[in-house]
Amino acid sequence: MPIDPLHTWEAVEAIRAKAPVVHSITNYVVMNNTANALLALGASPVMAHAREEMTEMVGIASALVINIGTLSEKWIESMHAAAEAANARRIPIILDPVGAGATSYRTGTVRELLKGARPTILRGNASEIMATCGDLAQTKGVDSTEASHDALAAAHSLGKSYGATVSISGETDYIVGGGRTIRIHNGHAMMPRVTGLGCTATALTGAFAAVTPDPVLAAAQAMAVMGIAGEMAAEKAEGPGTLQLHFIDALYRMTADDVQHRIRVEA
Amino acid sequence: MPIDPLHTWEAVEAIRAKAPVVHSITNYVVMNNTANALLALGASPVMAHAREEMTEMVGIASALVINIGTLSEKWIESMHAAAEAANARRIPIILDPVGAGATSYRTGTVRELLKGARPTILRGNASEIMATCGDLAQTKGVDSTEASHDALAAAHSLGKSYGATVSISGETDYIVGGGRTIRIHNGHAMMPRVTGLGCTATALTGAFAAVTPDPVLAAAQAMAVMGIAGEMAAEKAEGPGTLQLHFIDALYRMTADDVQHRIRVEA
Amino acid sequence: MPIDPLHTWEAVEAIRAKAPVVHSITNYVVMNNTANALLALGASPVMAHAREEMTEMVGIASALVINIGTLSEKWIESMHAAAEAANARRIPIILDPVGAGATSYRTGTVRELLKGARPTILRGNASEIMATCGDLAQTKGVDSTEASHDALAAAHSLGKSYGATVSISGETDYIVGGGRTIRIHNGHAMMPRVTGLGCTATALTGAFAAVTPDPVLAAAQAMAVMGIAGEMAAEKAEGPGTLQLHFIDALYRMTADDVQHRIRVEA
């Protein structure tokens, strides 16, 4: 049995033992799914967005997830307030630039958050990462995925400018940070047909960052578990509807053997 | 094998091939389901509501869906802005008058949208269509369904006044427009027990309108596919919980044979 | 066969026969689930939050559910307006203090609602009930559960001060009101791994309160049905993903025998 260089299983066990609180300011479309994914993995999700309670709510969290999927002005204010509280407490911040590149409002909001919120990990698909970086990447809505040399160059550039680890999802997932690049080959072709699995990857990255201090490792562990759970679910699913349910079950049922036998990583 | 007068299968293939972007401003309750239904069918859902990005977001869409299920002032502004952008680009607009008749706020908002947004297709249940038309239809919340001569008269009246095709869901679905009336007899009695399947019908109508220029045909194709997927799902489901998942799977797995053998339409 | 002291089955039949409209102002995370649970049970869910339509919408409802899971100022205004309309019509109000104790904003909002909305039934977990009461209960996010003598004391105190029945969910559910305490031992250990099943309990309590005039009995019937449906679902589920679907199916399929053979109550 190969040794997992990411220590993924140890991290899963730590999440199950500690049940870290992950505070999410995320989009309406995926709130339920990402809360369920966090619960199934063993973490404690909190969803709140009121400016009035941001500092206190972040005060009980071990990680903060910010997702710009369904933006509005009030929510952006709360994202910045939550990030300030998270940075004061030195807990990790995960930023998902959903749909960056689709509108200047999104791209502008992400860049402001990169500067102001100083996220630990930026997690998106290739076109979102490129749009965030400033390349003139074309994006087709929020579900476009196309890992490429351009996206990796954008990730390295974002890492240098903002100090963030960058996690790029796609057929192969790339984690770029601290001079390292990790490639993960897990996952299943039906996963992009379920809405919000990218957002779920971001939420789970929050849970792993809560127990794994190295952000590159935490981001890689999350993408490995996403991919493994997707493969386990695809063996039982007849379509994206049942895939989503079996995916949640797989997060709950995943064993050391599942991780060891399935993980395909180049670290 | 009877020939499908709606050319439904060709439209499904066109959606799968083109993956048209359907931009939805819809209610909180159903966002996840309708995004998943669009993805399973083969379309590309986008959900956004910020006034600041409406014009740009509609700029990458092939159809616009407006659903008033959970209204508020800011969202109504965005609905009008999105409709203006859609009309400027001549892409179809589908309006779902959820709960029209239940409160004067809803009925008034729908009528303003009918006038200002000039929707291509109005899709609702019988009581919503009657309330939109101005008949003193009683509505019991948002799940009332009762197709009738009154609803058909309302549909004809709305078509004459606003030029919109009207799609009325119920045990029999009626599509009324351009002097034609199409009746669709597909579907299953358990479908009204799943929240938001009406909203899903509206979303799928957006996908079909993106590939089928004739709005009467597009609306009918969508209702046929809804009904067929519902029948396929009901054969596997033990209740409305599992029905919803198998419904999504059925949209993903549907074949030419499924359509040809199951479709029951009077065109 | 033991006689059910709660008359739970008769209440289920009444809901299926009357399909009472339950108006919910609830959080974004659970809207879809709670609407589906109400529909599966046989009730008619309405979800709306605009201040402009609160009075009219409450006017067609048989119960009002207020859930503070994802708060903001506008929504709090609508909660108070809806409660005023509900009290004017003398329909029951169910209040869920989600996350009370986690932030002073939540705790303060719940206390204002207790005073202003005068809920018929307050339904939460032990830490939320204690935080609402004013004990210095520590809460770990919104999923903490710990029934105890302290929670029961808080429930009695809240009952005396505000006249509300208090329903405390946990491994054993406690219903406290009018000098009575009912204990319910149904349920399954996997249920807390599904997000929003507490919120679903609150929504179903609204449906039972719409058909059962005694609030203590209504709250107990709801918790018994929750627990029984959870047990039925757990026999088919492989994890929290499939549990949620089978739970909805169980609400839809539940028979008199299921209730009679499974109910475990101390009244």
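**View 1. The rotation axis that relates chain C to chain B.** In this predicted model, the residue of chain C that comes closest to the rotation axis is C:Tyr28, whose C-alpha lies at 3.8 Å. A rotation of 120° with 0.0 Å of shift along that axis superposes chain C on chain B with an RMSD of 0.0 Å, the copies being fitted by least squares on the C-alpha atoms of residues with pLDDT of at least 70 in both. The two copies are thus related as by a three-fold rotation axis. They use different surfaces, since 11% of the contact residues of chain C recur in chain B; two residues are in contact if their C-beta atoms, placed from the backbone, lie within 7 Å.

**View 2. The side of chain C that touches chain B.** Here 27 residues of chain C are in contact with 26 residues of chain B. Helix 2 (31-41), strand 2 (44-47), helix 3 (54-59) and helix 10 (240-253) of chain C each supply at least two residues to this side, and helix 10 gives the most, with 7 residues. Helices (H or I, at least four residues) and strands (E, at least two) are DSSP runs numbered from the N terminus. By residue class, the side of chain C that touches chain B holds 17 nonpolar, 5 polar and 5 charged residues, where Ala, Val, Leu, Ile, Met, Phe, Trp, Tyr, Cys and Pro count as nonpolar, Asp, Glu, Lys and Arg as charged, and the others, Gly among them, as polar.

**View 3. Helix 2 of chain A and the residue that follows.** Because 11 of the 11 residues of helix 2 (residues 31-41) of chain A are buried, this helix is largely enclosed by the rest of the structure; a residue is buried if 20 or more other C-beta atoms, placed from the backbone, lie within 10 Å of its own. Among them are A:Met31, A:Asn36 and A:Leu41. Just after the helix, A:Gly42 takes a positive phi of about 120°.

**View 4. A:Ile66 in the largest nonpolar core.** A:Ile66 is one of the residues that touch the most other members of this core of 318 residues, a group including A:Leu64 and A:Ala220. A nonpolar core is a set of buried Ala, Val, Leu, Ile, Met, Phe, Trp, Tyr and Cys residues joined through C-beta atoms within 7 Å. Leaving aside residues up to four places away in sequence, A:Ile66 touches A:Ile25, A:Met79, A:Ala82, A:Ala83, A:Ile93, A:Leu95, A:Leu113 and A:Ala117.

**Notes to all views.** Residues are numbered from 1 along each chain as its sequence is written, and chains are lettered from A and ligands numbered from 1 in the order in which they are written. Local features need pLDDT of at least 70 and side-chain atom pairs count only at pLDDT 80 or more, whereas totals for chains, interfaces and linings use all residues.

Definitions and conventions: A residue is buried if 20 or more other C-beta atoms lie within 10 Å of its own, exposed if 12 or fewer, and partly exposed in between; C-beta atoms are placed from the backbone.
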